[in-house]
Amino acid sequence: MANTKAQLPVGARLADYLTVGYLAMRCPIGKVRETLAQQGLESQRRRGMPHDVLIYFVLAMVLYANVAYEEVLRLVIEGLRPLLGEEGLTQATVSKGAISQARGRVSAGPLKALYQEQVQPHGPAQMPGVFYRGLRIMAIDGSTLDMPDEAANAECYGYPPSSRGASAFPKLRFVAMAECGTHTLCYAEPGPYDQGERDLALPVMAHADSRMLVTADRGFYGYAFWKHSLATGARLLFRLSSVVQLPREEVLSDGSYLSTIYPSSADQKNQRYGIRVRVIDYTLKGIPDSEPVYRLITNWLDPIEAPALELAALYHQRWTIESNFDELKTHLAEGRVVLRSKRPELVEQEFYALLLVHAAIRHLMTEAAAQTGQAAQDLSFIHAVRVLHRRPPAVGALPPSG
């Protein structure tokens, strides 16, 4: 990679300072300091790199993914000056090495705690796409993020297999639950690349409850995970392979049918540990590259309360979570190596910052849509990023930092 670092202009735009102010509004300074105090990370001195400033620096680092650390810090200090009210902050000079050391001292704990507390489903009841028959529509899915090819990162997170030698970058795998109506990514769980999505999904699904309808694709279907998910009280709508043999035990009025799933073929033979499910088979006519048959199962057994056609249409909303992952990788990180931290604890720190910034933008979009009676999912994420993030000129390549 080239070593040319992007520089913010002398006297950065007012909009850039307002960007930092918006991040501080979504993640209030009082909450940041409370979180730091709970973890024993209060700053004892205000010069250099105070830990509350460091939190906002990591958030801004995500939004200004191609800008050098020192320049991002200058922007953050100036943007926070009206909130902090301390002139000494604006005069502090902190090197890139000092920034990395400060990030190491704070580590991932505060960003993780802020994410877990601040980022929750928030779509209003009257907004299109947020609820179905009184239940909040959620989708669970997983993805991966690249990081710098450093020995510590590789040891912690690992590489994906490649048919042509070693892969270029280690990868972090994560699973999250998205609120379909707002595209907000909640309850994310990160792990190494070789950890299965279903394993990562267990603590994510634990956040579901009886007020939700949770959708998931074929990779998450399995007897054990289904049973775990049922215990949350949520309505479930999972896709599974059409080759799975599920006998038609009772055909319902809408063409769906009741069946029973078992943990093993031996259990099925002995009729033990069965769980009753409703199966919906359907096709998509006139859609290029569609599969011959799609199969869904649900624990919502009443076809009057939840007709098969409505559930089939509803399931396809879950594909919006894949566009969420594209937002993280392409529009926030601008298609570069997504995470730029060289050490695992800083990778995790940056991961939660990325999710916090994405959620802040999604909040902005939800508020804008609510004012005009629109669906938040119909607004342009790219446009929202441009509103929040005034791209600085002279953007150049930047080596991984941290």
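This is a predicted model: local features need pLDDT of at least 70, side-chain atom pairs count only at pLDDT 80 or more; totals for chains, interfaces and linings use all residues.
How many of the 9 residues of strand β3 (residues 171-179) are buried?

**Entry 1: strand β3.** I found that 9 of the 9 residues of β3 are buried, so the strand is largely enclosed by the rest of the structure. I then looked up which way the side chains point, and noted that Lys171, Arg173, Val175, Met177 and Glu179 point one way, while Leu172, Phe174, Ala176 and Ala178 point the other way, and that all of them are buried.

**Entry 2: the partners of β3.** I looked for the strands that pair with β3 and began with β2 (residues 135-146), which is antiparallel to β3 and joined to it over 9 bridges. In this pairing I saw that Ser143 stands opposite Phe174 of β3. Strand β4 (residues 184-192) also runs antiparallel to β3, and here I noted 7 bridges, with Met177 standing opposite Cys186 in β4. Between β3 and β4 the hairpin has 4 residues, and I wrote down that His183 takes a positive phi near 65 degrees there.

**Entry 3: cysteines.** Having met Cys186 in β4, I asked how many disulfides there are, and the count comes to 0. The count rests on a distance cut-off, because a disulfide is taken to be a pair of cysteine sulfur atoms within 2.5 Å. For accessibility I looked up Cys180, which is buried with a relative accessible area of 1%, and Cys186, which also counts as buried, at 0%.

**Entry 4: aromatic rings.** I next turned to the rings, of which the structure holds 9 aromatic pairs. One of them is formed by Tyr282 and Tyr294, and this pair is stacked, with 5.6 Å from centre to centre and 20 degrees between the planes. Tyr282 lies in strand β9 (residues 275-282) and Tyr294 in strand β10 (residues 294-298), so the pair ties together parts that are 12 residues apart in sequence. I checked both for burial, and Tyr282 counts as buried at 11% relative accessibility, as does Tyr294 at 5%. For Phe351 and Tyr352 I noted ring centres 5.1 Å apart and planes at 65 degrees, so this pair is edge-to-face. Phe351 and Tyr352 are both buried. Ring pairs also link Phe351 and Tyr352 with Tyr115 and Phe174 into a cluster, which brought me back to β3, where Phe174 stands opposite Ser143.

**Entry 5: the whole chain.** I then stepped back to the protein chain, in which I found 15 helices and 10 strands. Buried residues make up 52% of its 402 residues, and the accessible surface comes to about 17,400 Å², of which 51% belongs to carbon and sulfur atoms. Among contacts between residues at least 6 apart in sequence, I noted that 69% join residues at least 24 apart.

**Entry 6: confidence.** Over residues 7-14 the pLDDT stays under 50, and the model has 22 contacts beyond four places in sequence for them. The pLDDT is also below 50 over residues 390-401, a stretch with 48 contacts in the model beyond near neighbours in sequence.

Note on methods
Residues are numbered from 1 along each chain as its sequence is written. Side-chain values use heavy atoms; hydrogens and water are left out. Buried means under 20% relative accessible area, exposed over 50%, partly exposed in between (1.4 Å probe, protein chains only). Helices (H or I, at least four residues) and strands (E, at least two) are DSSP runs, numbered from the N terminus. Two strands pair if DSSP finds at least two bridges between them. Contact means heavy atoms within 4.5 Å. Accessible areas come from the Shrake-Rupley method with a 1.4 Å probe; for residues, only the protein chains shown count as cover. pLDDT is the predictor's confidence in each residue, from 0 to 100. Rings of Phe, Tyr and Trp (its six-membered ring) pair if their centres lie within 6.5 Å; planes under 30 degrees apart count as stacked, over 60 as edge-to-face and the rest as tilted.
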